[in-house]
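Q: I'd like to learn how to read the packing in a model like this one. Can we go through it feature by feature?
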Amino acid sequence: MLAPLPPPRLPIRLYRAGLGALFGKRLLLVHHTGRHTGIRRQVVLEVIAYERDGDRLSWTVAAGFGPSSAWYQNLRHSPQAVVQSGNHRYTTTARFPSPEDGGALMARYAPAHPRPARRLCSFMGSDVDGSEAAYRRAGHRIPFVRLEASPGPPRG
């Protein structure tokens with residue numbers, strides 16, 4: 001069973017202190033660029049899916065506050081970002097899965113993480129009964145972002 005998430009700014013402070021490894025693969029620090037200001041921003045997000053295929057890495061996160069989330073809009077405007085997983089940094093490009101892919105993501109995520117999946121769906125206005133079909137329908141409405149690492153070793 002997963003522990004509750006820490007207060008929003010605390011994970012950023014822990015990453016800055018070099019303690020990002022405490023979060024394992026569950027949380028990801030995303031460095032992105034403000035679409036209006038051009039200022040570098042940071043947000044810590046829960047990982048919905050982590051994939052490794054040889055030297056290719058990707059992390060999928062959900063915009064739990066919807067498509068109006070500042071970080072989501074920033075990545076839409078400028079999809080290049082740096083993510084920090086543990087104590088490693090990766091240059092990434094944001095991709096935006098289709099609603100059908102979002103449904104499949106939720107259908108895979110929910111059985112492994114039932115409580116966070118129910119909370120995410122509820123927060124996004126979807127009432128789920130625990131069935132795969134309900135999670136698939138809910139996933140169609142959730143904006144997901146897949147952060148794909150550029151080839152090569154991590155940046156530190």
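Predicted model: local features only at pLDDT ≥ 70, side-chain atom pairs only at ≥ 80, totals over all residues.

Q: Which residues have the most contacts inside the largest nonpolar core?
A: In soluble globular proteins, nonpolar side chains tend to be buried together. Here a nonpolar core is a set of buried Ala, Val, Leu, Ile, Met, Phe, Trp, Tyr and Cys residues joined through side-chain atoms within 4.5 Å. The largest one has 19 residues, and Leu28, Val30, Trp59, Trp71, Val145 and Leu147 have the most contacts inside it. A second, separate core of 17 residues includes Ile48, Ala117, Ala134 and Ala138.

Q: What is tryptophan 71 in contact with, leaving aside its neighbours within four places in sequence?
A: Take contact as heavy atoms within 4.5 Å. On that basis, tryptophan 71 touches His32, Val43, Leu45, Val61, Ala62, Ala63 and Val145.

Q: How do I read the two faces of strand 1?
A: In a regular strand the side chains alternate between the two faces of the sheet. Strands (E, at least two residues) and helices (H or I, at least four) are DSSP runs, numbered from the N terminus. For strand 1, Leu27, Leu29, His31 and Thr33 sit on one side and Leu28, Val30 and His32 on the other, and all are buried. With seven of its seven residues buried, strand 1 is largely enclosed by the rest of the structure.

Q: How many aromatic pairs does a search of the whole structure find?
A: A pair of aromatic rings is described by the distance of the centres and the angle of the planes. Rings of Phe, Tyr and Trp (its six-membered ring) pair if their centres lie within 6.5 Å; planes under 30 degrees apart count as stacked, over 60 as edge-to-face and the rest as tilted. The search finds six. In one of them, tyrosine 50 and tryptophan 59 have ring centres 6.0 Å apart and planes at 45 degrees, so the pair is tilted. Tryptophan 59 is buried, at 1% relative accessible area. Phenylalanine 65 and phenylalanine 123 are edge-to-face, at 5.0 Å centre to centre and 85 degrees between the planes.

Q: What does glutamate 46 meet in a salt bridge?
A: Side chains of opposite charge can pair when their charged atoms come close. The rule here is a side-chain nitrogen of Lys or Arg within 4 Å of a carboxyl oxygen of Asp or Glu. Glutamate 46 meets arginine 26, at 3.5 Å from N to O. Within helix 5 (residues 132-141), glutamate 132 and arginine 136 lie four residues apart, about one turn of the helix, and their closest N and O atoms are 2.8 Å apart in a salt bridge.

Key. Residues numbered from 1 in each chain as written. Heavy atoms only, no water. Buried < 20%, exposed > 50% of the residue type's maximum accessible area, 1.4 Å probe, protein only.
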